[in-house]
Amino acid sequence: MKREHEDAGRMGGDDPMAMGPEIAKGKMVPVMRTGDEMECGVDELLAALGYKVRASDMADVAQKLAQLEVAMSSDDASHLPQLAADTVHYDPSDLYAWLDSMLSELNAPPCAQLLPPTATASRGNGHSSTAAKPSAAAPPRASALHDFKPVVSAASVGRVVCDTEQQSEKILSPRDPKRMRTCSSSSSSSSAKEVASSLKSATEALPVVVVDTQETGVRLVHALLASAEAVQQENLKAADALLKQISMLAASQSGPMRKVAGYFAEALARRIYRHSPLPQADRVALDLLHSHFYESAPYLKFAHFTANQAILEAFTSFRQVHVIDFGLKQGMQWPALLQALALRPGGPPSFRLTGIGPPQPDNSDALQEVGWKLSMLAESIGIDFHFRGFVASSLADLEPQMLLEPEGKRRDRDGVEEAVAVNSVMELHQLLARPGAMEKVLGTVRALRPRIVTVVEEEANHNGRTFLERFTEALHYYSSMFDSLENGGDSGADGELEEQQRHRAMADAYLGRQICNVVASEGTDRTERHETLGRWRGRMAQAGFEPVHLGSNAFKQASMLLALYAGGDGFRVEEAEGCLTLGWHTRPLIATSAWRVGPAADFAL
Amino acid sequence: MMMLLLPHREEEEEGGAAGRRRFPINDNADLLAEVLGRLDGRSLAVAGCVCRLWSAVGRREAVWEAVCHRHVAVGRAGAAGGTRSVVAALGGYRRLYRLCIGPALDRLAGVRRQGPAVSSSSSAARHVSLSLALSLFSIDCYERLGGVGGRQQQPPASLLFLCKPVDVS
C-alpha cells in the first residue's frame, strides 16, 4: 500500500490541485490549539487548520467531500491528470466554494450512499465492527461535525498534545494505511493528512488527525501520548492532569480500547506516583495467568506448534534426543511433541527433557509435578522418557555442564551423540534487563552444541531508548493484541461460553502485567524488553548462530490451526525469511525462528 | 440414508418373491460395523441410538477409526498400527472425534458457510489433518492427567476454542 504519508511530503505545500486518488472526506479533527484567531461564524477548530468553514455549512462540506471522493475514485485516472494540470487556483481555505467548483466540474453522479466512516486513529476500537454499518452511520457523522466542543484544557496541555501528535503521526501513518485496508471503506486518515499538508504553509507543521464518530477514542489516544510525553519531560503535574482526563475518556469507550486505556493509565499512574512496582505475584498465580492466556488466544499454541515442528524435523533419525526448555511453566508444549515422536516413521526415540523454571516461594516443586505428568503421558504412548528439572532465578545462572551432566551427552548404541534442542518461548527478552546476561546465555547455548535452537518472541520494539518511544510502540502492540483477543474468538454476537470469558479476563490481566512492566518499571525491574525479529536475527547471528528455515510443514500446520479459530481471518500467518509470524490483521505480534550453530568456530566462549 | 432390512427375523422364503434372500443385518455384527464405519460422525452417533446391538457396534474403536480416517486429510502414510496404539493410549478414536475432529470439521464448515469472501491464502488449510488433531488431542489428554497428591485441577480448557457457544438467553 503506498505510503500516503510520504506522498504528502512529496507533493509539497503549494499545489492544492494535486490530489491523490484518495481524498479526504471532510474528516477534520479538532487540533487542540489555543490562541488562534476566531473568525465570527467560522468554525473555530477548523480555522486552526487553516480552513474557513462556516458552521452552518459543515454538513454540506462533509457531504460534498464524500461525493468528491466517490466521483474521483469511481472514475479512472483520466480525471486526475486533468486536475493536476489545472492551473486555476481557488482559495483552499474557502472549503465550501472550492468543493462546489470541484463538484460542478466533475459533474459528480448523485451518490445516494455516503461512504461509511472508518475507525481510524482509534486503534483497536473494533474496527471490524464499524465496517459493517454504511448508511446508518452517515447521518450521525454529519452531526458529529456539529458537535465539536472546544476541549477544555490548559494551554500547556494543548501544546503538549500538538507536539506529540507530530511524533505520533509519524508513527501512526505507516500503520494506519494498513489498517484501512481491512475496513471496507477507503482510507481517509492519511489522505486527510495529505490534503492538509499540501494546503498548509511549510512553516507550520501542524499535524492533522482524523475524526470520526468515535472522536473520544482519538482524544483518548492523544491524551495517553500526551501524558507519556509529559512523563518523559518530567512534567508530572501535566501528566497527572492528563491522567484524569484519560480515565474520563476511557469510561466512554467500550471493549478492547477501554481495557487498553485502563491498563496504560494505571501503569502511567504507577510511574508518576512512584508506586512500588507490581509485587512479584507468586509463581502459582503467574502460571495461572499464563495458562489462561494460552487458552484464550492462539499465540502460544502457534508458538508451540511451530517450534515443535522445527524440533521434530531436526530430530529425524536420531535415536536419543534431549530437549532443554528455558521456561517449562506447565509444559503445555511437550505433549504434542511426544505424540509426534511416537508416531514418527521408524519409531520413537529415547526422550530426555530438561525443564528450567524460577524458584517457587512455597518450596513446592512445580517442575517435578510437570515432569511427572509428562512422564505419565509418555509412558502411556510408549516413549522412553527422562526428566530433569532445574530451578534458576535467571537463565544467566546456568552453565552448560550443569545441563548436560551427569554423563554428558548420551550416546546410543552406535555411539552417535544425542541430539540436543534448546527451546525458548518468550524467555530471552528478559535477559536484556541485565547487561551481559544475554551474551552469557547465548554462549552457554552454543557450548551445548545443539542441533536446533527455537526462539519465540513477541514481535515488538519495547526496548527503545526513550520512554515515549516505548510507550507509543507498546500502545500499538497491546491495542492489536487486545483487539485480537476480543474479536478473535467467536463473534461476540452469539455470546461466549462463560468459561471463555473467564479465560479472557485472566488473559487480559496477564497482558496488563506486561503493560505495567513496560511502562512503569525501569532498570533491572523492566524485564519485558521485547525486540523485533530483525534485532533478534542480528543478535543470534552475532553470537554465532545461523538461521534454519522453518519448513512448509510448519507453515501449513500453523495455518490449519488458525483456521480453526473462529475469528478466522483476523489472524495472519506469514513467513519472513524462514521465520513464521502470527499477527492480527496486518500487525505481526509473535515470531518463531529456528537456529543452529554456525560454522565459524572461533567465537570465544 | 441407507436402506436396511428390518432387523428382525423373517422366515426365509424359498423361491418366493423374485427369489431374493433377505439378509438381516443384525445377524452379522462385522458387516454392520463396516456399514456404520462409512457414516459421518453425527449419523454414527444417531445410529447408536437405534438398539443395543447398534449401540455396541457403534462404539467399536474400529468403526470410529474408519470414520476419523475418512474425514481427515491423509498425511504421510505412517505406521497404522503405531497410530492405533497411540490413539488408544490417549483415549481412543471415538473420543478423538468427539473432542477434536468433530468440532474442527464443524468450525471449518461454518467458516465455509460464511462465504467465499474468506481469505484464499489459507484455503488449502481448510481441512483438518490427523497430526493436528492428534496434537490437540494429546494436549487435552495431558491436561486431564491428575496432579500429584490430587491437587485441585483446573478443568481442561485447551479445546474450548473449538466449542460453539450456546445462546442461553
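**View 1. Aromatic pairs in the predicted model, with Phe467(A) and Phe471(A) as one example.** Over all chains, the structure holds 12 aromatic pairs. The ring centres of Phe467(A) and Phe471(A) are 5.9 Å apart with planes at 45°, so this pair is tilted. Both residues belong to helix H19 (residues 467–487) of chain A and are four residues apart, about one turn of the helix. Phe467(A) is buried at 7% relative accessibility, and Phe471(A) is buried at 1%.

**View 2. The pair Trp64(B) and Tyr97(B).** The rings of Trp64(B) and Tyr97(B) are also tilted, with centres 5.5 Å apart and planes at 50°. This pair links distant parts of the chain, 33 residues apart: Trp64(B) is in helix H4 (residues 61–71) of chain B and Tyr97(B) in helix H6 (residues 93–113) of chain B. Trp64(B) and Tyr97(B) are both buried.

**View 3. A ring cluster in chain A and two lysines over rings.** Phe293(A), Tyr299(A), Tyr510(A), Tyr565(A), Phe571(A) and Trp584(A) are linked into a cluster by ring pairs. Lys301(A) has its charged end over the ring of Tyr294(A), 4.9 Å from the ring centre. Lys373(A) lies over the face of Tyr142(B), 4.7 Å from the ring centre.

**View 4. Two non-glycine residues with positive phi.** Met426(A) has a phi near 55° and sits in the loop between strand S4 (419–425) and helix H18 (437–447) of chain A. Met426(A) is buried, at 9% relative accessibility. Arg449(A) has a phi of about 50°; its place is the loop between H18 and strand S5 (452–458) of chain A.

Methods
Residues are numbered from 1 along each chain as its sequence is written. Chains are lettered from A and ligands numbered from 1 in the order in which they are written. This is a predicted model: local features need pLDDT of at least 70, side-chain atom pairs count only at pLDDT 80 or more; totals for chains, interfaces and linings use all residues. Side-chain values use heavy atoms; hydrogens and water are left out. Buried means under 20% relative accessible area, exposed over 50%, partly exposed in between (1.4 Å probe, protein chains only). Rings of Phe, Tyr and Trp (its six-membered ring) pair if their centres lie within 6.5 Å; planes under 30 degrees apart count as stacked, over 60 as edge-to-face and the rest as tilted. A charge sits over a ring if NZ of Lys or CZ of Arg is within 6 Å of the ring centre and within 35 degrees of the ring normal.
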